Amino acid sequence: MKIVVCIKQVPNTTEIKLDPVKGTLIRDGVVSIMNPDDKGALEQALLFKDKYNAHVTVVTMGPPQAEAILREAYAMGADRAILVSDKKFGGADTLATSYTLSRALAKIECDVIFAGRQAIDGDTAQVGPQIAEQLDLPQITYVESVDYDGSKTLTVRRGTEEGHEILEVDLPCMLTFLVSAYKPRYMRVRGIMEAYDKPIEVWGTNEIEVDPTRIGLAGSPTNVKRSFTKGAKAMGAMHEDITAEEAADIIFNKLREKFII
């Protein structure tokens with residue numbers, strides 16, 4: 001079984017700060033990490049490696065420093081690492097990103113593609129499904145667990161708002177995972193030492209056949225106009241020892257003052 005796992009390097013969102021003038025992210029001094037949901041996808045791939053001797057390839061798209069999470073994946077147990085990186089890919093939105101990644105993935109022989117449900121720096125949950133569409137693959141999202149029959153069929157537990165669904169899908173396919181259903185393994189000490197001796201393949205426009213009008217800024221139909229932090233709320237008013245009717249009148253009057261009703 002050959003598995004490809006798409007992972008992403010993201011800023012630790014607990015430490016994010018915004019430039020108050022430009023409205024852009026201040027990345028200096030902010031720690032970058034492997035996207036949590038992607039780590040869940042990687043853990044499932046490694047579980048299949050443990051059980052079925054699966055071969056695990058990790059792929060990320062980003063600047064050269066994204067190599068760090070590929071080394072982390074190696075230390076956890078991945079077998080191959082590919083960095084999709086080129087200045088021409090910069091500024092890509094989800095559509096351009098999924099197109100670029102799909103062109104890279106089309107070059108890799110695999111049975112199934114895993115990815116996280118969404119990235120914590122965007123929360124769109126679009127790239128995984130878009131990749132599946134670009135590659136014309138069946139897809140299941142919000143995966144909590146998956147079993148393999150050893151031949152060609154996966155049995156998948158998918159989380160929903162009401163509970164969960166049990167679905168079957170034949171290979172090849174794409175699954176996106178929830179990290180909340182997994183406990184990703186720690187990097188092994190020996191794995192960390194060996195990770196820096198293993199090769200990382202770098203694929204740019206010379207290695208991937210792409211339409212230049214569909215990558216980077218040129219291929220991005222959407223863009224971020226402005227980013228801002230949520231403003232502090234004004235101090236509220238306390239009303240004690242009042243009846244339900246008086247409370248209703250106060251709420252009604254406040255809503256009317258703000259022209260909500």
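Before you start, note that the model is predicted, so local features need pLDDT of at least 70 and side-chain atom pairs count only at pLDDT 80 or more, while totals for chains, interfaces and linings use all residues. Residues are numbered from 1 along each chain as its sequence is written, and side-chain values use heavy atoms, with hydrogens and water left out.

**Stop 1: helices H1 and H2**

Select residues 36–52 for H1 and 67–76 for H2. Helices (H or I, at least four residues) and strands (E, at least two) are DSSP runs, numbered from the N terminus. The two axes come within 11 Å and cross at roughly 30°; axes are lines fitted to C-alpha atoms, for helices over the stretch in contact, and angles run from 0 to 180 degrees between N-to-C directions. H1 and H2 are therefore roughly parallel (under 35 degrees; over 145 is roughly antiparallel, 65 to 115 roughly perpendicular, and the rest oblique). Now show the side chains of Lys39, Leu42 and Leu46 in H1, which meet Glu72, Ala73 and Met76 in H2. Contact here means heavy atoms within 4.5 Å. By class, this contact has 4 nonpolar, no polar and 2 charged residues. Ala, Val, Leu, Ile, Met, Phe, Trp, Tyr, Cys and Pro count as nonpolar, Asp, Glu, Lys and Arg as charged, and the others, Gly among them, as polar.

**Stop 2: helices H3 and H4**

Next, select 94–105 (H3) and 127–135 (H4), whose axes lie 8 Å apart at an angle of about 50°. The pair is therefore oblique. Residues to display include Leu101 and Leu105 of H3, and Ile131 and Leu135 of H4. The residues of this contact divide into 7 nonpolar, 6 polar and 1 charged.

Stay in H3 and pick threonine 94. Which residues does threonine 94 contact, leaving aside its neighbours within four places in sequence? They are Thr124, Gln126, Val127 and Gln130.

**Stop 3: two loops**

Move to proline 172, in the loop between strand E11 (164–170) and strand E12 (173–177). The peptide bond reaching proline 172 from leucine 171 is cis, with omega near -5°.

Then go to aspartate 241, in the loop between strand E13 (201–203) and helix H6 (244–257). Although aspartate 241 is not a glycine, its phi is positive, about 55°.

**Stop 4: the second largest pocket**

Finish by selecting Met235, Gly236, Ala237, His239, Ile250, Ile251, Lys254, Glu257 and Lys258, which line the second largest pocket. On a 1 Å grid over the protein atoms alone, a pocket is an open set of points where a 1.4 Å probe fits, with protein on both sides within 12 Å along at least five of seven lines; lining residues have an atom within 4 Å of a point. The lining has 4 nonpolar, 2 polar and 3 charged residues. How much space lies inside this pocket? About 160 Å³, the space filled by probe spheres set on the points, which are joined across faces, edges and corners.
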